[in-house]
Amino acid sequence: MSEVFKVTEVVGTSPTSFAEAVRVAVAEAARTIRHMSWFEVVEQRGRIADGKVAEFQVTVKIAFKLER
(Lines give C-alpha, C1' and ligand atoms only; values in the text may rest on other atoms or scores of the structure.)
Protein backbone atom coordinates (compact mmCIF):
# COMPACT_ATOMS: atom_id res chain seq x y z
CA MET A 1 0.00 0.00 0.00
CA SER A 2 1.29 3.46 -0.87
CA GLU A 3 1.76 6.06 1.83
CA VAL A 4 1.33 9.82 1.77
CA PHE A 5 3.18 12.21 4.04
CA LYS A 6 2.71 15.86 4.95
CA VAL A 7 5.68 18.05 5.88
CA THR A 8 5.54 20.88 8.39
CA GLU A 9 8.26 23.29 9.50
CA VAL A 10 9.04 24.19 13.11
CA VAL A 11 11.79 26.16 14.85
CA GLY A 12 13.48 24.81 17.96
CA THR A 13 15.75 26.75 20.29
CA SER A 14 18.23 25.83 23.00
CA PRO A 15 20.82 27.64 25.10
CA THR A 16 22.98 24.48 24.90
CA SER A 17 23.42 23.23 21.30
CA PHE A 18 21.98 22.75 17.83
CA ALA A 19 21.33 19.08 18.64
CA GLU A 20 19.33 20.02 21.71
CA ALA A 21 17.34 22.56 19.66
CA VAL A 22 16.40 19.73 17.26
CA ARG A 23 15.31 17.54 20.18
CA VAL A 24 13.19 20.39 21.55
CA ALA A 25 11.54 20.96 18.16
CA VAL A 26 10.72 17.28 17.64
CA ALA A 27 9.47 16.78 21.20
CA GLU A 28 7.19 19.80 21.03
CA ALA A 29 5.83 18.78 17.62
CA ALA A 30 5.12 15.29 18.98
CA ARG A 31 2.66 16.83 21.45
CA THR A 32 0.22 17.58 18.60
CA ILE A 33 1.39 15.61 15.54
CA ARG A 34 0.83 11.88 15.22
CA HIS A 35 2.71 9.40 13.02
CA MET A 36 5.91 11.44 12.66
CA SER A 37 8.42 9.64 10.46
CA TRP A 38 11.50 11.76 9.80
CA PHE A 39 13.00 15.20 10.18
CA GLU A 40 15.37 17.37 8.17
CA VAL A 41 17.34 20.30 9.54
CA VAL A 42 17.03 23.01 6.90
CA GLU A 43 18.63 25.94 8.70
CA GLN A 44 20.86 26.61 11.68
CA ARG A 45 21.42 29.99 13.25
CA GLY A 46 21.94 31.53 16.64
CA ARG A 47 21.50 34.59 18.77
CA ILE A 48 24.39 36.59 20.17
CA ALA A 49 24.21 38.53 23.43
CA ASP A 50 27.09 40.48 24.95
CA GLY A 51 29.50 39.05 22.38
CA LYS A 52 28.67 35.41 23.25
CA VAL A 53 26.45 32.72 21.81
CA ALA A 54 23.21 33.01 23.76
CA GLU A 55 20.94 30.65 21.85
CA PHE A 56 21.05 27.98 19.15
CA GLN A 57 18.15 27.92 16.69
CA VAL A 58 17.19 25.34 14.06
CA THR A 59 14.47 25.20 11.46
CA VAL A 60 13.33 21.60 11.13
CA LYS A 61 11.02 20.00 8.56
CA ILE A 62 9.05 17.16 10.12
CA ALA A 63 7.17 14.62 8.00
CA PHE A 64 4.21 12.69 9.24
CA LYS A 65 2.05 10.03 7.63
CA LEU A 66 -1.46 11.09 6.72
CA GLU A 67 -4.26 8.99 8.18
CA ARG A 68 -6.73 7.36 5.86
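**View 1. T59, a buried spot in strand β3.** At 7% relative accessibility, T59 counts as buried, because the label covers anything under 20% relative accessible area, with exposed meaning over 50% and partly exposed the range in between (1.4 Å probe, protein chains only). T59 belongs to strand β3, residues 52–65; strands here are DSSP runs of E of at least two residues, helices are runs of H or I of at least four, and both are numbered from the N terminus. Leaving aside residues up to four places away in sequence, T59 touches E9, V10, V11, E40, V41, V42, E43 and R45, where a contact means heavy atoms within 4.5 Å.

A word on what is being shown: this is a predicted model, in which local features need pLDDT of at least 70 and side-chain atom pairs count only at pLDDT 80 or more, while totals for chains, interfaces and linings use all residues. Residues are numbered from 1 along each chain as its sequence is written, and side-chain values use heavy atoms, with hydrogens and water left out.

View 2. Three strands make an open sheet in the order β1-β3-β2, with antiparallel pairing; two strands pair if DSSP finds at least two bridges between them. The edges are β1 (5–14) and β2, each pairing on one side only. From one strand to the next, the twist averages 15 degrees. Helix α1 packs on this sheet and touches β1, β2 and β3, its direction making about 40 degrees with that of β3. For such angles, axes are lines fitted to C-alpha atoms (for helices, over the stretch in contact), and values run from 0 to 180 degrees between N-to-C directions.

View 3. β2 and β3 pair in the antiparallel sense over 12 bridges. Look for V41, whose bridge partner in β3 is V60, and for A49, which stands opposite K52 in β3. The hairpin has 2 residues between its strands, and D50 in the turn shows a positive phi of about 55 degrees.

**View 4. A nonpolar patch on the surface.** F5, V7 and W38 form this patch, with about 270 Å² of accessible area together. Accessible areas come from the Shrake-Rupley method with a 1.4 Å probe, and for residues only the protein chains shown count as cover. To join a patch, a residue needs over 30% relative accessible area and no salt bridge; nonpolar side chains (Val, Leu, Ile, Met, Phe, Trp, Tyr) are joined within 5 Å, like charges within 9 Å. W38 sits in strand β2, residues 36–49, and is partly exposed, with a relative accessible area of 39%.

View 5. R34 and E67 meet here, their closest N and O atoms 2.8 Å apart. The pair links distant parts of the chain, 33 residues apart: R34 is in the loop between α1 (18–30) and β2, and E67 in the segment after β3. R34 is exposed at 56% relative accessible area, and E67 is partly exposed at 47%. A salt bridge puts a side-chain nitrogen of Lys or Arg within 4 Å of a carboxyl oxygen of Asp or Glu, and the whole structure has 6 of them.

**View 6. Two further salt bridges.** E28 pairs with R31, the closest N and O atoms being 2.9 Å apart. Here E28 is partly exposed at 47%, whereas R31 is exposed at 64%. E43 and R45 also meet through their side chains, 2.9 Å from N to O. Both E43, at 41%, and R45, at 27%, count as partly exposed.
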